[in-house]
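Please read it alongside the sequence and coordinates.

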Amino acid sequence: MGRAIDVVKRSGKRKSEAFDIDKLSRSIHLACMSVRTPEGEAESATSHVAGIVTLWVEKKPAVTSDDIRRQVAGHLHRYHPEAAYYYLHQRSIL
Amino acid sequence: MTSVDTYISLSVVILAAFIHASFQLSISVLTLMSGHALGRKTARHRLINLIGGYLFGATVMTTLLLTFVAYLFGSLITGPIPGLWWAIGCGAAVGVGVSVWLFYYRGQLGTVLWIPRGFAQHLDSRSKATKSATESFSLGLSSILSEMLFIFAPIFLAALILIPLSPDMQLFGILLYATVSLLPLYIIGLLIGSGHKISHIQRWRERNKRFLQFAAGSGLFLLGLYVYNEKIIVASMLGGL
């Protein structure tokens, strides 16, 4: 990545952190696996969506974690609607 | 106590257990724990162990809670149960019922519950960190404890109803309460263990959350009114107070 992009955390309570593509990929992969997606399909969806979202993030000076979440869910929905649903809603289960 | 009275008492215990069953906290924790376990690519037999440990923990805590409250009441109350105790139980049921109607879910999105955020964060982090059946057992115990805000009213009334019964019927009543109140948890555990997607389960819960909220609130309200009528109004008319 060319420059560091700040990710403003949810509700602004925690400190901002630099955008981390590995962390993003892990979270997408985890959502795919949580809805029992086959490993290969999960990896393919993860690399596609992480790539698209990284391009989107690189155009911004700073983004919120909620913005990233919505972007990921929107793009993931095309590859795997169930994983997209779980990705978007896993923080609103409890 | 006649056998008809015993059947009526056990029916009220079943109603209290159904109301307990409509509360969602322990189901949310089970959903989260299973989601994290699947995300970590946990093998199927280990996932089933985790779910089994969680269900066992929830069963043990529910049984212990009702047994403890019934024992406590049995020790404090000698002779017929005073009307004040029934009034406290009915007041709690109606009060919690109305609160459930108004406040059970936080916001429109998801199934976030109106419980102290500290509890929710603790359960969330524990459900992520749970990797063994022992940990999931303790998570099952603590998720039932965290639900106390809602379940104390049905447990209070079920315990009061159970103490005049014979010891064997008390034991039967406690087991009946535990089984019925945890039925949805067992069903969700079975669905996840048999390969259903967490997202389908969560979608169903989200679609039906207002109905479950209404059912839980109305059930508590009706339970409170029924017991108040039966144990205070009818008893006072018959001169039993």
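B:S181 lies in helix α8 of chain B; helices (H or I, at least four residues) and strands (E, at least two) are DSSP runs, numbered from the N terminus. The model is a predicted one, in which local features need pLDDT of at least 70 and side-chain atom pairs count only at pLDDT 80 or more, while totals for chains, interfaces and linings use all residues. Residues are numbered from 1 along each chain as its sequence is written, and chains are lettered from A and ligands numbered from 1 in the order in which they are written.

B:S181 counts as buried because it has 30 C-beta neighbours inside 10 Å. A residue is termed buried if 20 or more other C-beta atoms lie within 10 Å of its own, exposed if 12 or fewer, and partly exposed in between, with C-beta atoms placed from the backbone. Apart from neighbours within four places in sequence, B:S181 is in contact with B:A17, B:H20, B:A21 and B:T62; two residues are in contact if their C-beta atoms, placed from the backbone, lie within 7 Å. B:I81 is 100 residues away from B:S181 along the chain, and the C-alpha atoms of the two are separated by 25 Å.

**The two chains**

Chain B has 11 helices and 0 strands. Its radius of gyration is 19 Å, close to the 18 Å that the globule rule gives for 241 residues, so chain B is as compact as a globular protein of that length. The radius is taken over C-alpha atoms, and the rule is 2.2 Å times the number of residues to the power 0.38.

Chain A has 4 helices and 3 strands, arranged along the sequence as β-β-α-α-β-α-α. For its 94 residues a compact globule would have a radius of gyration near 12 Å, and the 13 Å of chain A agrees with this.

The table sets out further values for each chain.

| Chain | Property | Value |
|---|---|---|
| Chain A | C-alpha box along the principal axes | roughly 35 × 35 × 20 Å |
| Chain B | C-alpha span along the principal axes | about 65 × 40 × 30 Å |
| Chain A | buried residues | 33% of the 94 residues |
| Chain B | buried residues | 43% of the 241 residues |
| Chain A | contacts with a separation of 6 or more that join residues 24 or more positions apart | 54% |
| Chain B | contacts between residues at least 6 apart that join residues at least 24 apart | 87% |

Helix α7 of chain B (residues 148-162) is mostly covered, with 12 of its 15 residues buried. Among them are B:F150, B:I151, B:F156 and B:L157. The cover over the buried residues of α7(B) includes α1 (3-21), α3 (44-76), α4 (83-103), α8 (167-181) and α11 (209-237) of chain B.

The largest nonpolar core has 83 residues, of which B:A16, B:L157 and B:A158 touch the most other members. Such a core is a set of buried Ala, Val, Leu, Ile, Met, Phe, Trp, Tyr and Cys residues joined through C-beta atoms within 7 Å. Helix α7(B) gives the largest share of this core, 11 residues. Not counting residues up to four places away in sequence, B:L157 touches B:A16, B:G89, B:A93, B:L223 and B:V227.

**Helices of chain A**

Buried residues of α1(A) include A:L24, A:I28, A:H29 and A:L30. The buried residues of this helix pack against α2, α3 and α4 of chain A, together with α2 (25-39) and α10 (198-207) of chain B. Just after α1(A), A:R36 takes a positive phi of about 60°.

In α3(A), A:V72, A:A73 and A:L76 are buried. These residues cover an arc of only 100° around the axis, which puts them on the same side of α3(A); the arc is that of the directions from the helix axis to the C-beta atoms. Their cover includes α1, α2 (39-58) and α4 of chain A.

**Contact between the chains**

In chain A, 13 residues are in contact with 21 residues of chain B. On the chain A side, the elements that give two or more residues are α1 (21-34) and α4 (81-89). The largest share, 4 residues, comes from α4(A).
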